[in-house]
Amino acid sequence: MLADPSMPEPARRWRERDLAVLWHPCTQMREHPDTLPLVPVERGEGAWLVGYDGRRYLDGVSSWWTNLHGHAEPRIAEAIARQARTLEQVILAGFSHAPAVELAERLLAIAPRQAGRAPLAKVFYADNGSAGVEVALKMAFHWFRNRGEERRTRFVALENGYHGETLGALAVGDIPLYRRIYAPLLAQALFAPSPDAYLAAPGESEEQCALRAADALADLFDHHPGEICALILEPRLQCAGGMRMHHPAYLRRARELCDANGVFLIADEIATGFGRTGTMFACEQAPPAAGGHACGVAPDLLCLSKGLTGGFLPLAAVLATQALYDGFLDDSRERAFLHSHSYTGNPLACAAALASLDIFASDGVLERNRDTAEAMARRAAALAGQRHVADVRQAGMVVAFELCRDGERGTPFDPALRIGLRAYRAALDRGVLLRPLGDVLYWMPPYCVDAAQLDLLAEATAEAIAEATACA
């Protein structure tokens, strides 16, 4: 067991030192050290994490969805070291440096495009995903304020969505566990029904479900004319909301509705970007407009983070259209976008991101991911028949398993059973890191995962589900 007192001395010592000084994220600290024992990690190797106790853990969740090419990827490590010998940090207000410029050029070159629409043209850097969302929200609001449209103060977000935990980002999130306690501090967003395919009515296809949700979005716009500045959504995949997935037809319709109502579309691809869902960006999967041939939609603001640096350093980028950027050009400083982070465009982080993009180009990552996704699908299909698995769903390199009593949708387990936590511990005992979202288990491994590691991932998941649900 994880709390075995016979564990090697280095692991026990690091655990004790940690609990003496650290407050961990997204954790009820009272659960440490017994219910949820810490796993001190000494190093990473590809898809593996290696603990101070010598045990190896397959990183089935890419270390909170950040790691793309594997832990300690030497090409990214060397790029950071090389940059550190030249310039480690410089203020980006009034100054510039090559990595920030080059990364912006590269991101704009690969950003989602849409026929007949001006491309994304400017990049604003921030420190992490939540900060990136804050930037996008403030830009959308401020742009309308600069135009004198002071009634446009509302944001529309999707039910079950998640965009971060700073106050602005939290205001457009709809997961009660995160926002309920802070509700008195939050701006009041408008929430539209999620296009989540899991919510499809009997006999309704995933596309029909998505379009039904889009009709509800249209109604919401109709009821708030001239009040809304932006719609924010996670394209294709609501990650923290339980890895819930929707048909990309919703993206096309959402883009059309935003245009019809003069509203900005903010695409939060913090978790879905950089190949996770099968294309470089999930926005690319929107089907063609009626009579058209080109797939994909382009947002007005695109938020990127997590995998941006390959999982090495914190960095966020918000890509904006030229028209949005131009709305801040004026002689008045109050009309400028006076938002800043001390480490905006940090050279080390930009160098890591550039190295990650180089790996995409040299290693054919997207093509290889498609083969890996097919291999994941084959292994996931074998788990679909387990008694308590109600749904198996996939979007590229993400596979999720919805656990319900007797596999019946709408019949969740008693929360007191802590099925997800039981599965987490059972998987760790088998050398696999799975971090459930409630009673949803999921696979989101680094892209370097191989066939043998996928076999271990599938076997450990099947056994963890069986062990965790044995109490039901």
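Tutor: Let us begin with the meeting of two helices, where Ile-359, Phe-360 and Asp-363 in α11 are in contact with Val-365, Leu-366 and Arg-368 in α12, contact being taken as heavy atoms within 4.5 Å. The residues of this contact divide into four nonpolar, no polar and two charged, where Ala, Val, Leu, Ile, Met, Phe, Trp, Tyr, Cys and Pro count as nonpolar, Asp, Glu, Lys and Arg as charged, and the others, Gly among them, as polar. Before going further, please keep in mind that this is a predicted model, in which local features need pLDDT of at least 70 and side-chain atom pairs count only at pLDDT 80 or more, while totals for chains, interfaces and linings use all residues. Residues are numbered from 1 along each chain as its sequence is written, and side-chain values use heavy atoms, with hydrogens and water left out.

Helix α11 covers residues 347-363, and its axis comes within 6 Å of the axis of α12, the two crossing at roughly 70°. Axes here are lines fitted to C-alpha atoms, for helices over the stretch in contact, with angles running from 0 to 180 degrees between N-to-C directions; helices (H or I, at least four residues) and strands (E, at least two) are DSSP runs, numbered from the N terminus. The helices α11 and α12 are therefore roughly perpendicular to each other, since angles of 65 to 115 degrees count as roughly perpendicular, under 35 as roughly parallel, over 145 as roughly antiparallel and the rest as oblique.

Within helix α11 lies Leu-357, which is buried, with a relative accessible area of 6%; buried means under 20% relative accessible area, exposed over 50%, and partly exposed in between (1.4 Å probe, protein chains only). Leaving aside residues up to four places away in sequence, Leu-357 touches Leu-103, Arg-106, Leu-107, Ile-110 and Phe-274. From Leu-357 to Cys-303 there are 54 residues in sequence and 17 Å in space, C-alpha to C-alpha.

Helix α12 (residues 365-381) also packs with helix α14 (residues 451-468), at an angle of about 30° and with their axes 10 Å apart. For this reason, α12 and α14 are roughly parallel to each other. In this second packing, Thr-372, Ala-375, Met-376 and Arg-379 of α12 make the contact with Ala-451, Leu-454, Asp-455 and Ala-458 of α14, and the residues involved divide into five nonpolar, one polar and two charged.

Turning to the whole chain, its secondary structure comes to 14 helices and 16 strands, and its C-alpha trace spans about 70 × 60 × 45 Å along the principal axes. The chain has 472 residues, for which a compact globule would have a radius of gyration near 23 Å, and the 22 Å of the chain agrees with this; the radius is taken over C-alpha atoms, and the globule rule is 2.2 Å times the number of residues to the power 0.38. Of the 472 residues, 53% count as buried, and among contacts with a separation of 6 or more, 70% come from residues 24 or more positions apart.
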